[in-house]
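Student: I would like to go through this model with you. Could we begin with the ligand and its polar contacts?
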Amino acid sequence: MSTPLLLLDDTELAGVVGPPAFRVRQVKRWLYEVAETDPRAMTDLPTTLREHLSTIGVSALETAEKRLGDGGMTVKWLHTSAGAEIETVLMRYPRRTTVCVSSQAGCAMRCPFCATGQGGFARQLAAGEIIEQVLVAARWLRDEAGGEDGDAPRSPTRIGNVVFMGMGEPLANYTAVVGAVQRLRSDCGIGARHITVSTIGIPDRIRTLANDAPPVTLAWSLHAPHDDLRDRLVPPNRRWPVADVRSALHDWRSAGGRRITIEYALIDGINDMPELALRVASIARDLEAHVNCIPLNPTGGTAYRPSPHGRIRAFVSALREAGANATLRQNRGAGIDAACGQLRARHGLEHRTR
Ligand code: SAH
C-alpha cells in the first residue's frame, strides 16, 4: 500500500508528482490551501497525474465519528489512522475559529485528572496526521458551516487558530510537532502567533523550541505552584520540577519567545486555595505570563471535582489583586465529551491503549 499524500514531505511529494517543479506547488495548494481530498478534482493537473495521485490517495485519517455540541459551535471528531484513535475539536466563536489538535494517540504523562492521561500512551502521530486534523476541520467549515440556516455564518469559516491541547504531550513528540507547526505556517497559511503549544513543561525541549519555532505561543500546564502538590497532579514534575521549568521559560523569553500562558485547572479543595493563588501570581509576574484559569472538567473514574463558582471567582480575584494578568476560560464541548481532559472518553479506548 502506498503512503497517502498528506504523510509525504516535500521531497517525497516531488518524487511522486514528478517534473516540472511547479506541479508540486500546484498539488500542495490543493492539499493544504483548498483542503481537497479527491485528486480528480485538482483541475489544473494533467489527467494522468490526477489518476496517479488518486490511486495513491490523499488522507491518512478516516473519520469514525463526528459530534456537534453547543448548538453547532463545537464539533468533535474521532479519527482512526493506522490503528490509532485521534480526537480533534473545533471551537467556533463569533470572531474566531480554533482547532484543538492531538499530538499523540494517548499520552504518557498520567495527569490523574485528565482522561487521556489515565488511558496511557498508544503511539506518536506523524506531522501529516496532525495537519490533517486541521484540514478536516477546515473542510467542514467550508462545506457545512457556510450555509447554516441560510444566513451568514455564525463564526469565521476559515481556521484562525490551532492549539496543541488535544490528546498527548506535544513536546514529547517534538520533531513531528515542530514539522506540523512549520507546515501549518508555510503551507496552510496559519501564522505562528495563532498557534499555541501547550505543555507540562519539558525544559530542554522548551529551549530548543525557542530556536525552532519562536513565534508560537507557549502554554504551560502549571496547575500547582508547589512541587509536592504538582508531583501528584502532573507526575512528570518529579523529573522536571517547577523551578527547572521556570528557568527554561525565562530562557524562552530571553530568546525572543512570545508571551507565555499559564494553564490552571481549578480542582475543588485541591489547588484552589487563595494562598496558592498568591504563589501562582508571583510565578506569573516573574515570567510576565498570563494565567488562564479553567474549572476542572470532571472525567469518569476520578474523585476530582471542579471548584465551586464562588471559589473560582475568589481565586481569579486573588490572582488579579496580586498583580497577575488572569482570565477565566469557559468550558466548551462538555455535552459531547469534547471538553479539556475529556478526549478519549467513552470510546472504550481504555481497552485498546492499556
Ligand atoms: N499535554 C499538554 C496538552 C494537553 S491538554 C499539556 O499538558 O499541556 C491541554 C490542557 O488541558 C492542559 O493544561 C491540561 O492539563 C488540561 N486538562 C486536562 N484535563 C483537564 C480537565 N479534566 N479539566 C480541565 N483541564 C484539563
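Tutor: A backbone N or O atom of G168 lies 3.0 Å from a nitrogen atom of the ligand. Please keep in mind that this is a predicted model.

Student: How much of the ligand does the protein bury?
Tutor: The protein buries 95% of the 530 Å² that the ligand exposes when taken alone.

Student: And which elements give two or more residues to the shell around it?
Tutor: Those are β8 (195–199) and β10 (261–266).

Student: Which residues come nearest to the ligand?
Tutor: There are 20 residues around the ligand, and G168, S198, S221, H223 and N297 come nearest. By class, the shell has 9 nonpolar, 9 polar and 2 charged residues.

Student: Changing topic: what is the volume of the second largest pocket?
Tutor: Its volume is about 230 Å³.

Student: Which elements give two or more residues to its lining?
Tutor: They are α2 (22–33) and α5 (127–145). Of the elements, α5 gives the most, with 4 residues.

Student: Which lining residues lie nearest the centre of that pocket?
Tutor: Y32, E33, A138, R158 and I159 do, out of 13 lining residues.

Student: How does that lining divide by class?
Tutor: The lining of the second largest pocket has 9 nonpolar residues, 1 polar residue and 3 charged residues.

Student: From which domains does the lining draw at least three residues each?
Tutor: Domain 1 (5–56) and domain 2 (62–336) each supply at least three residues to the lining of the second largest pocket.

Student: Now the backbone. Is the peptide bond from P19 to P20 cis or trans?
Tutor: That bond is cis, and omega is near -5°. P20 is placed in the loop between α1 (10–17) and α2.

Student: What about A82: is phi positive or negative there?
Tutor: Phi of A82 is positive, near 40°, and A82 is a residue other than glycine.

Student: Where is A82 placed?
Tutor: A82 is in the loop between β2 (74–81) and β3 (84–92).

How values were computed: Residues are numbered from 1 along each chain as its sequence is written. This is a predicted model: local features need pLDDT of at least 70, side-chain atom pairs count only at pLDDT 80 or more; totals for chains, interfaces and linings use all residues. Side-chain values use heavy atoms; hydrogens and water are left out. On a 1 Å grid over the protein atoms alone, a cavity is a set of points where a 1.4 Å probe fits but cannot get out, and a pocket is an open set with protein on both sides within 12 Å along at least five of seven lines; lining residues have an atom within 4 Å of a point. Grid points are joined across faces, edges and corners, and a volume is the space filled by probe spheres set on the points. Ala, Val, Leu, Ile, Met, Phe, Trp, Tyr, Cys and Pro count as nonpolar, Asp, Glu, Lys and Arg as charged, and the others, Gly among them, as polar. Domain bounds come from an automatic or database domain assignment. A residue is near a molecule or strand if one of its heavy atoms lies within 4 Å of it. A polar contact is a pair of N or O atoms within 3.5 Å; within protein, one must be able to donate a hydrogen and the other to accept it, and residues adjacent in sequence count only if both atoms are side-chain atoms. Accessible areas come from the Shrake-Rupley method with a 1.4 Å probe; for residues, only the protein chains shown count as cover.
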